[in-house]
Each structure stands twice: as C-alpha cells, then as structure tokens.
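Work through the exercises below with the sequence and the 3D structure in view. Try each task before reading its solution.

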Amino acid sequence: MTGNMVSEDPSKKEMRIRRIHHGTVIDHITAGQALNVLRILGISGTTTAVVSVALNVSSGVIGLKDIVKVEDRELEEEEVDRISLIAPDATINIIRDFEVIEKYMVDLPERLEGVVKCANPNCISNTNEPVTSKFTVNKKPVELRCIYCDHVISEGIAEHLI
Amino acid sequence: MKTHKFKLQSHLLDVMQHHIISMRDFSRDDIDLILKKTKEFEPIARGKRSDLLSGKILATLFYEPSTRTRLSFETAMKRLGGEVVDMGGIELSSVAKGENLADTIRVVGNYADTIVLRHPREGAARMAAEFSKVPIINAGDGAGHHPTQTLLDLYTIMRESSLLDIKIALLGDLKYGRTVHSLAYALSLYHAEMTLVSPPQLKISDIFKKDLKKQGAVIREVSNIDDVIGDIDVLYVTRIQKERFPDPAEYQKVAGIYRITEELLKKARDNLIVMHPLPRVDEIDPAVDRTKYARYFEQSFYGVPIRMTLLSMAMEAV
C-alpha cells in the first residue's frame with residue numbers, strides 16, 4: 001500500500017515512509033481510521049495520486065496511530081471537518097519542498113450540516129422532505145446528536161458520512 | 001414574531017420562537033411557570049366562559065391516530081373562544097396526493113395562527129418549525145417527543161402529589177415509549193428519584209440513561225414492580241405499544257407482562273398515586289379505578305388546562 005514511498009533502512013531493518021515533496025501529511029489519525037480517511041478524500045484503489053499509509057504506528061500522544069500522506073494535494077475545509085469526526089486528534093501538515101509550512105490540529109465543528117446521515121431510519125431527515133441532516137457535536141467523546149430526532153451517533157461515524 | 005408576554009427563561013425557547021417541540025427546549029423555570037399558569041386555566045377547562053383566544057384559529061394536523069391529544073387540544077381551543085380547523089384523515093388530504101410535510105406546513109401556516117402536529121416520523125415537528133411562520137406545537141413525533149403529554153404529567157404530579165423530593169416508578173415500555181423518555185428527562189430537572197421497571201428487552205437505552213445521569217438524575221432499574229411498590233409516591237404505568245415493535249414476535253414475549261391490581265396496591269404507601277397516559281390495554285385492572293390511588297382520569301382532564309396554557313403562550317395571549 002505504501003508503494004514507492006516506502007524505503008528500507010538497512011541499518012535498522014525496518015520500513016520507513018519517505019518524506020513527501022509537496023502535499024499533506026495527516027498524522028495522529030486514530031488507529032484503524034486511515035482507510036476511512038482515504039474514503040473521505042475520495043482515494044480508492046484506482047487513484048493515480050501518490051499516497052502512503054501507515055497503520056498502527058506507536059505514538060507518544062495517542063498510543064497507536066495511523067498516518068496518511070498524499071502527494072500534491074491540500075485539503076478542503078470540509079474534508080478536514082469530516083476527518084475530525086473520525087480522528088479528532090489528527091494533525092494536518094502541509095508540505096512544500098519537503099518542509100512543513102503549516103501544521104494544525106483538526107477541530108470538530110460545533111454543528112454539522114449535510115455531512116453525516118442520521119442513523120435513525122425513521123428520522124424526518126431520511127425522507128423526501130427538503131431538509132439536510134443537521135447535528136450538534138459533543139467533542140469528547142465524539143457524539144453527534146441529530147437536531148431533528150435527537151438520535152445520537154457515537155460509534156461507527158464513518159459509516160454514516162454522506 | 002415578538003417575544004411572548006409569558007417571559008420564559010429558556011434562551012432556546014426564544015430562539016425557537018413560540019414553537020413547542022421538545023422538553024429539552026425547556027428549563028425548570030420555564031416548566032414551573034407553565035405549571036403555575038395552568039392552575040389559572042383549570043376553571044375554564046371545567047366550563048367557565050373565556051374569550052381569550054377569540055378570533056384565533058388552530059389547525060390540527062394529525063398524521064397518526066389520536067383521541068385524547070386531538071380532542072383535548074380542540075377542547076382547550078374552543079373553551080378559550082377560538083376556532084379549530086383540521087385536515088381530516090390523511091387519506092382525504094393533499095398528503096394522499098404526495099404532498100410533503102414542509103409544503104403542507106407552509107400552506108396551513110397561511111390559514112391558521114398555530115399548528116398542532118402529530119406525525120409518525122421522529123423530528124417531524126422540529127423540521128416543521130423550520131418551515132412554519134406560525135408556532136408549531138408537537139403533539140407526538142413517532143417514538144420521539146410528546147412535550148404536551150409530559151407537561152400534563154408533571155402538572156398531574158404537582159396537583160395530585162408533589163414535584164418536590166418525589167420517588168417515582170416508571171413502568172412498562174421504557175425503550176419505545178416516547179412519553180416515558182420526555183417525562184424522565186423533565187423529572188431529572190426536579191431531581192426526582194426514579195426507578196425504571198421494565199422487562200430486560202424494554203429497558204431504557206444506555207445513551208438515554210447516560211443523558212439522564214448527566215442531568216443529575218438518580219436512577220435505579222428493576223424488572224419486578226413488587227420490589228418498589230412500597231417505596232414510591234408515584235407509579236407511572238405505560239402501555240407496551242404493539243405498533244412500535246419492529247418484530248411482532250418480540251411484542252408477544254412481553255405483552256401483558258405487568259398488571260397493576262388491587263392486590264399489588266395493598267403494599268403501596270397511602271399517598272401513592274397511579275398514573276397512565278392512556279389508552280390502557282390490560283396494564284391496570286379496572287378494579288383499580290375505584291381505589292384512592294387511581295389518578296389517570298384526572299390526568300387526562302389536566303391535558304385541557306395544560307394545552308390552554310400552551311395555546312395561549314403560542315398565540316401570545318398570556
């Protein structure tokens with residue numbers, strides 16, 4: 001999965017992800033969520049982008065973490081909002097010429113509109129009514145409360161992303 | 001719309017203008033004020049003439065069957081001198097032609113001063129409020145909220161017992177029953193000591209329990225009513241609602257599991273009151289109706305003065 005961006009360090013006999021030239025590094029992704037991050041970014045098996053993914057890397061901050069590096073891409077605000085839902089501790093590093101020119105933590109918005117589908121099949125937002133889904137957001141732990149039906153999504157948020 | 005004269009404290013209620021959607025929109029101060037005001041409406045609910053809402057029109061949109069809620073809203077409106085229009089059965093209305101709720105609300109809002117809505121979808125009333133230029137009063141949205149029922153339940157407790165330091169048992173379907181969810185939430189604002197009595201498959205959800213505890217609610221859960229009957233001031237009985245069960249076989253397992261009888265009530269405190277939102281099926285033996293404990297018919301009466309208060313608030317008459 002890491003393709004040509006992985007090199008072997010003969011001295012330590014372990015795999016390392018090479019630094020990227022231009023693009024974005026999403027670090028401190030909650031372990032297990034890297035593939036969902038790729039989904040949010042619309043990156044599938046047919047992508048032509050240069051992407052590297054590391055799973056279950058040791059992190060002093062959050063125990064185990066995943067990392068995603070994408071060459072030649074900077075993220076839209078809406079993409080960052082979506083990532084924050086499934087990886088609330090993630091940091092976004094924008095890279096140019098191998099240098100980190102900007103680094104910031106994702107920040108969960110207090111309110112989400114049109115990003116997540118309510119998990120309650122009987123919610124009015126899951127009908128043909130002219131409304132978009134809306135949620136209020138609790139940050140720790142991440143819980144989304146539908147403003148229409150009060151249904152709370154606390155697990156498997158990635159499955160409900162629109 | 002202007003802020004109504006009924007100076008409610010809740011910031012959210014101001015934001016929501018005059019809509020009455022969920023108990024979560026009310027603070028304890030709001031509720032206390034509504035309950036206090038309701039006492040003034042009791043004589044009118046019993047027949048004293050009033051023209052407080054004369055010239056006003058209430059539209060009732062019931063997408064699901066209802067007897068008590070619809071009739072008590074109509075009674076409240078008419079006893080206050082107002083008029084009621086209703087859309088009849090949904091098979092007779094434009095809903096049958098495929099009109100969505102948002103459009104119906106926008107149309108009816110041009111005719112009436114307030115809309116009372118019952119709808120099978122959770123969140124319908126909140127959505128209706130987004131599209132309505134007149135106040136929406138939620139008369140039940142699926143398995144969601146039913147704030148006017150909760151307010152009349154609280155009023156019954158206040159009138160027939162006390163809302164201070166009460167010990168209450170909520171019995172029956174705590175998973176699907178919307179009245180219980182709203183009531184438990186409101187009771188948590190009063191620091192009531194709640195015992196939840198249900199078969200394991202109809203227990204209150206963990207998420208909701210967590211919510212209640214966040215409010216500071218004291219909750220215990222049991223499955224046998226005998227364990228608590230001697231230790232409570234209020235017994236709130238609910239029907240196990242067949243229509244809310246996704247699987248009929250699951251309903252059969254729990255149907256008729258609880259029955260309140262005179263025999264059971266021998267172990268009760270003298271001051272116990274028994275409540276039920278009605279309709280009942282077989283949860284309360286008819287012989288209990290004659291005992292000093294029964295309050296469910298008073299409770300259904302209190303629906304009228306409570307709805308008088310809410311209608312008057314919505315139409316800025318108080």
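**Exercise 1.** State which residues of helix 7 of chain B are buried, and describe the length of that helix.

*Solution.* Step 1: a residue counts as buried if 20 or more other C-beta atoms lie within 10 Å of its own, as exposed if 12 or fewer do, and as partly exposed in between, with C-beta atoms placed from the backbone. Step 2: the buried residues in helix 7 of chain B are B:Arg178, B:Thr179, B:Val180, B:His181, B:Ser182, B:Leu183, B:Ala184, B:Tyr185, B:Ala186, B:Leu187, B:Ser188 and B:Leu189. Step 3: that is twelve of its twelve residues, and helix 7 of chain B is mostly covered. Step 4: helix 7 of chain B covers residues 178-189 and reaches 18 Å from its first C-alpha to its last, close to the 16 Å expected at 1.5 Å a residue; the expected span is 1.5 Å times one less than the number of residues. Step 5: just after helix 7 of chain B, B:His191 has a positive phi of about 55 degrees.

The model is predicted: local features need pLDDT of at least 70, side-chain atom pairs count only at pLDDT 80 or more, and totals for chains, interfaces and linings use all residues. Residues are numbered from 1 along each chain as its sequence is written, while chains are lettered from A and ligands numbered from 1 in the order in which they are written. Helices (H or I, at least four residues) and strands (E, at least two) are DSSP runs, numbered from the N terminus.

**Exercise 2.** Give the strand order of the open sheet of four strands in chain B, and its pairing.

*Solution.* Step 1: two strands pair if DSSP finds at least two bridges between them. Step 2: the order in chain B is 2-1-3-4, with parallel pairing. Step 3: strand 2 (83-86) and strand 4 (136-141) of chain B are at the edges with a single partner strand each, so one side of each has no neighbour in the sheet. Step 4: from one strand to the next, the twist averages 20 degrees. Step 5: strand 1 (residues 57-62) and strand 3 (residues 114-119) of chain B run parallel and are joined by five bridges. B:Ala59 stands opposite B:Ile115 of strand 3 of chain B.

**Exercise 3.** Is B:Met158 buried or exposed?

*Solution.* Step 1: locate B:Met158 in helix 6 (residues 147-160) of chain B. Step 2: B:Met158 has 20 other C-beta atoms within 10 Å, so it is buried. Step 3: not counting residues up to four places away in sequence, B:Met158 touches B:Leu35 and B:Leu163. Step 4: the C-alpha atoms of B:Met158 and B:Asp32 are 10.0 Å apart, although 126 residues separate them along the chain.

How values were computed: Axes fitted to C-alpha atoms, helices over the stretch in contact; angles between N-to-C directions. Contact = placed C-beta atoms within 7 Å.
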